Amino acid sequence: MWICKDVCQSFKLLGFLDVQSVPCARESVLYGSLGSLVVGLGHFLATSRVRRSCDFAVGGFICTMLGYWFYCRYNLAQQRIRQRMLKEGMRNKILFEGSSLDPERKQTGNERSDS
Amino acid sequence: MANHSQFGFQDASSPIMEELVEFHDHALMVALAICSLVLYLLTLMLMEKLSSNTVDAQEVELIWTILPAIVLILLALPSLQILYMMDEIDEPDLTLKAIGHQWYWSYEYTDFKDLTFDSYMIPTAELPPGHFRLLEVDHRVVVPMESPIRIIVTADDVLHSWAVPSLGVKTDAIPGRLNQTSFITARPGIFYGQCSEICGANHSYMPIVVESTPLAHFESWSTLLSS
């Protein structure tokens, strides 16, 4: 995932959306542009109607951009949750390793008692 | 703290601020989509000849009713989610009071010991090299990291506002009223803020500095200060 901070100059689309530093923004706009091209060109090749193809191109841009945006942000949120769980797990492991509260120790103890 | 000419948010240092930054990015993306559509429609209108052939406009009226409703739902749902998240009251580990005066803040930690101190801005002439002008204070608000902190804000004289942008906190300090807010610092560090309600000549010179430390350091600090 492309995130540019401090090193790259900011590039603000329409003057307000910094695509360099906002996660998923750059990919959303690029995929949106690609979607717009595909839908618009495809419609024109099929129907030879310029005005309607432009309408479809803009609609395709918006739909593709927003669609990829939601998909990417959902994955980002899931990744963040997994990072937090990992961080919490690592901290607990360091804190409780070797102590009576160590879950791995309890598990090993159960296995020994079963055998 | 903010850099010079910084336009965007400061880096988030609390879970709520992280959510707010994400919501802001989401709102900007929706705004980009709307602006693209409006720009395109504007271009179309400018290229069209004016005519009065339109008799009815059922379809377009349906579109421009449903589309804004969808946009509002896209924005309202995450906004309400964060709003309710901000109002969640977990059992706070620590409660402290921030009292606004002209022109300094005073803090009271009265949970375990009677610990009270004033927090004045360090004047520029007395600032050690490398410290931040108009932001440093003589006594920082020290809080334990990754613990829910409740802060009760009030004022002694006129309206003030206790704000720390990187924690996503801004609470008005109103004389005769106690306003409550809470936050969790996600990492150790020093977080700067400034009074956010006009309160007189030195309104710009009463900053807030929150220092987030591990619990052991917080305990030794509170012991040192109360002794």
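Hi everyone, let me start on the surface of chain A: Tyr31(A), Leu34(A), Val38(A), Val39(A) and Phe56(A) make up a nonpolar patch there, and together they have about 460 Å² of accessible area. Please keep in mind that what we're looking at is a predicted model. Helix α1(A) gives the largest share of that patch, 4 residues, and Val39(A) is one of the residues found in helix α1 of chain A.

Now on to where the two chains meet. The size of an interface is often given as the accessible area lost when the parts come together. Here, chain A and chain B bury about 2,000 Å² between them, and 66% of that lies on carbon and sulfur atoms. As for who takes part, chain A brings 26 residues to the contact and chain B brings 21.

The rule finds 6 salt bridges across the interface of chain A and chain B. Take Glu146(B), for instance: its salt bridge is with Arg91(A), with 3.3 Å between the closest N and O atoms.

Sorted by class, the side of chain A that touches chain B has 16 nonpolar residues, 9 charged ones and 1 polar one.

Conventions. Residues are numbered from 1 along each chain as its sequence is written. Chains are lettered from A and ligands numbered from 1 in the order in which they are written. This is a predicted model: local features need pLDDT of at least 70, side-chain atom pairs count only at pLDDT 80 or more; totals for chains, interfaces and linings use all residues. Side-chain values use heavy atoms; hydrogens and water are left out. Contact means heavy atoms within 4.5 Å. Buried area is the accessible area (1.4 Å probe) that two parts lose on being put together, summed over both. A salt bridge is a side-chain nitrogen of Lys or Arg within 4 Å of a carboxyl oxygen of Asp or Glu. Ala, Val, Leu, Ile, Met, Phe, Trp, Tyr, Cys and Pro count as nonpolar, Asp, Glu, Lys and Arg as charged, and the others, Gly among them, as polar. Patches are made of residues with over 30% relative accessible area and no salt bridge: like charges are joined within 9 Å, nonpolar side chains (Val, Leu, Ile, Met, Phe, Trp, Tyr) within 5 Å. Accessible areas come from the Shrake-Rupley method with a 1.4 Å probe; for residues, only the protein chains shown count as cover. Helices (H or I, at least four residues) and strands (E, at least two) are DSSP runs, numbered from the N terminus.
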